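Have the structure open while you read.

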2 protein chains.
Amino acid sequence: MPVNLSVPDRSRLLPVAGVTLGVAEAGVRYANRRDLLVMELAPGSTVAGVFTQNRFCAAPVVLCREHLAAGKGIRALVVNTGNANAGTGASGREHARLTCAALAEELGIAPEQVLPFSTGVILEPLPVERIIAGLPRRQPADWLDAAMAIMTTDTVPKAVSRQVVINGVKVSVTGMTKGSGMIHPNMATMLGFVATDAKVAQPVLQQMLAEVTEHSFNCVTVDGDTSTNDSFILMATGQAGMAEITDMDSGEARLLQAAIMEVAVELAQAMARDGEGATKFMSVVVEGGHNRSECKQIAFAIAHSPLVKTAFFASDPNLGRLLAAIGYAGVEDLDTSTLELYLNEVLVAAQGGRHPDYREEDGQRVMKESDITIRVCLHRGEARATVWTCDYSYDYVKINADYRS
Amino acid sequence: MPVNLSVPDRSRLLPVAGVTLGVAEAGVRYANRRDLLVMELAPGSTVAGVFTQNRFCAAPVVLCREHLAAGKGIRALVVNTGNANAGTGASGREHARLTCAALAEELGIAPEQVLPFSTGVILEPLPVERIIAGLPRRQPADWLDAAMAIMTTDTVPKAVSRQVVINGVKVSVTGMTKGSGMIHPNMATMLGFVATDAKVAQPVLQQMLAEVTEHSFNCVTVDGDTSTNDSFILMATGQAGMAEITDMDSGEARLLQAAIMEVAVELAQAMARDGEGATKFMSVVVEGGHNRSECKQIAFAIAHSPLVKTAFFASDPNLGRLLAAIGYAGVEDLDTSTLELYLNEVLVAAQGGRHPDYREEDGQRVMKESDITIRVCLHRGEARATVWTCDYSYDYVKINADYRS
């Protein structure tokens, strides 16, 4: 069961002018399920992408990088679930190329103007012929349909919209994501797509994306496993009727980026809320650090600890496990005698030990909630970082022991 | 259930001349259980130790480092279970000091000649008065009794002996360890003690210990959580009647070290075999690397992946998860097209994808075994590393959601 997360209200997901969505049942892995999504972009759209740093990156990730670098202007994205096309070597790349070529031919564009994405099982050949056969069968779709078509072990589709007024022009930002396991993005999440009808020069769009990623998708973890297929794509169609944004430091750019950030943060949190087997959603805030990097290091040590995650599942304030994780995070000159540990507003530890006013029943009360903030104050600088995660339950094991079988 | 590991045969655990063992029921956390161990060492013994690098290291670890540095000659070790005396600040250190002082007074030695060890729950005050009251109540014990007295979530005691003949003198090496959760030692395991009646100069003993640790306790992981209390102690009583070993490069030193290594490796493996909830024991071998460090990095990425560990629990050859872990291990220039992945003798992947001869039923057959070797051949150098771990089962979650409650 996802934690305080429900299916998005279809009527609140804003269409983005210049983005045409279509979904189909291609039968990649299962019959009778929509497993193929095509996103067509109006001419003149700009597109930016960040991708997994996994060395075993999937074939579609290789092609995405190539096609973005080619600079011909991206006009379509094609996404399949059921098979990751990762660990598939040279034939995997050929399959991704064939998929792009088939869609390009239909749309009358070049294959390099198509970005391919795959998600699902690793190390199995992509059934490319079924995907190509599915392409012409696609039906018009809205963002909720699209978000549903890219789900794998997700229990709810994840899509978010924001509207922002820039120089009197209403601009829409709508995004979707998928992923609830193998989630510890390093550059991006498993699959995330955000589109806007704002007009943005490509270099500015890429910079916006990098900054947004650092504070959204790169701050979430379910199990610490960085996927082979992580991709986060930002698209700007320019259909809203505004002047092009060409300067990252302009007020227009910052306004737009704020809206994109809100969408991306909510999507990133949604992945942890729907983390495999999740019963609790935890925000880990580390503040007062020398730099953001050490704050993130400590936050991820906590968020990755199976002992911390099982204690939260049990609502057991076995909070020494938090201190242990802080201690082994690898911040070498960390002074444990000056830091403080809070659970929501309850001060748990200070001066290297349990705070004298801390009462077990206060810890217990917070642990029983479903949204919990773990806060570590380092008192040695101004930097901070927030990371989102979920607990480990029996169902995490069940889902991952059963998946694929 | 531990994986292919049973209670050691009491008659095969060799006493070590110069080591006197005693255990007591101190009631640290539970009544009617032996939770206190004292090891007395003959005058002239040398002792070496390595300790956790966790910044939240426990009070007894702080004292161990101080007392070893004092150089007065260690004459006794005292170990309690039920409470880790970690995250206990200044009062925790005072409690550890009081424990040492009480034992020192009884034995007529200096407090700095005592090393204290604690294991159990973190962030709770040590009931030092119960420990001190328990000391005089201790009963003579052998190594099996001692190994049982230091257990926490362990399901079987872990102790191993070897005998080696050095220059015609029979030398005994006996060791014990405890630990089945919060196991990802960084310098040492939760608690490990190895004693020999060989005579070894202290600097040589320390060097032996460092080398042994790197290839034994630093190569095991259950859950990736580095404990606050990790300590591994090597003791040499000199009672066997041999000349002192003063040179690490001598044949005598290498003979003795080989025996100590065998004991330490078997103990380290025993911790993974008895890992919390374990149903499978996995050896992860990475070979053909530029250096040992990158081999270990990849081996630990595999051994820590919850997705890999749950797949092994399910006996599901979902082996793409292994490729993903290799890919995100952080070896930046890794060429995934030249490496090979084996499961026991089955070649699974090569040239960046599934090997053409690989058959699902071969993977399935290996996955059903209880002792499995995952082998990655990097083909870019001569270095290798081996890491031992276990799978993740429902019982891992159960044990860690229930522990403490």
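Buried area, as I use it, is the accessible area (1.4 Å probe) that two parts lose on being put together, summed over both.

Ground rules: this is a predicted model, in which local features need pLDDT of at least 70 and side-chain atom pairs count only at pLDDT 80 or more, while totals for chains, interfaces and linings use all residues. Residues are numbered from 1 along each chain as its sequence is written, chains are lettered from A and ligands numbered from 1 in the order in which they are written, and side-chain values use heavy atoms, with hydrogens and water left out.

**Entry 1: the interface.** I looked up the area buried between chain B and chain A and got about 4,800 Å², with carbon and sulfur atoms giving 61% of that. I then found 61 residues of chain B in contact (heavy atoms within 4.5 Å) with 61 residues of chain A. For polar contacts I took pairs of N or O atoms within 3.5 Å; within protein, one must be able to donate a hydrogen and the other to accept it, and residues adjacent in sequence count only if both atoms are side-chain atoms. Between chain B and chain A, 13 residue pairs are in polar contact, both residues at pLDDT 80 or more. I noted that α8 (306–313), α9 (320–327), β13 (346–350), β14 (353–354) and α11 (394–402) of chain B each supply at least two residues of its side that touches chain A; helices (H or I, at least four residues) and strands (E, at least two) are DSSP runs, numbered from the N terminus.

**Entry 2: B:His379.** Where does B:His379 lie? I found B:His379 in the loop between β15 (371–377) and β16 (383–390) of chain B. Setting aside neighbours within four places in sequence, B:His379 is in contact with B:Glu287, B:Gly288, B:Thr338 and B:Glu340. With B:Glu340 there is a side-chain to side-chain polar contact at 3.1 Å.
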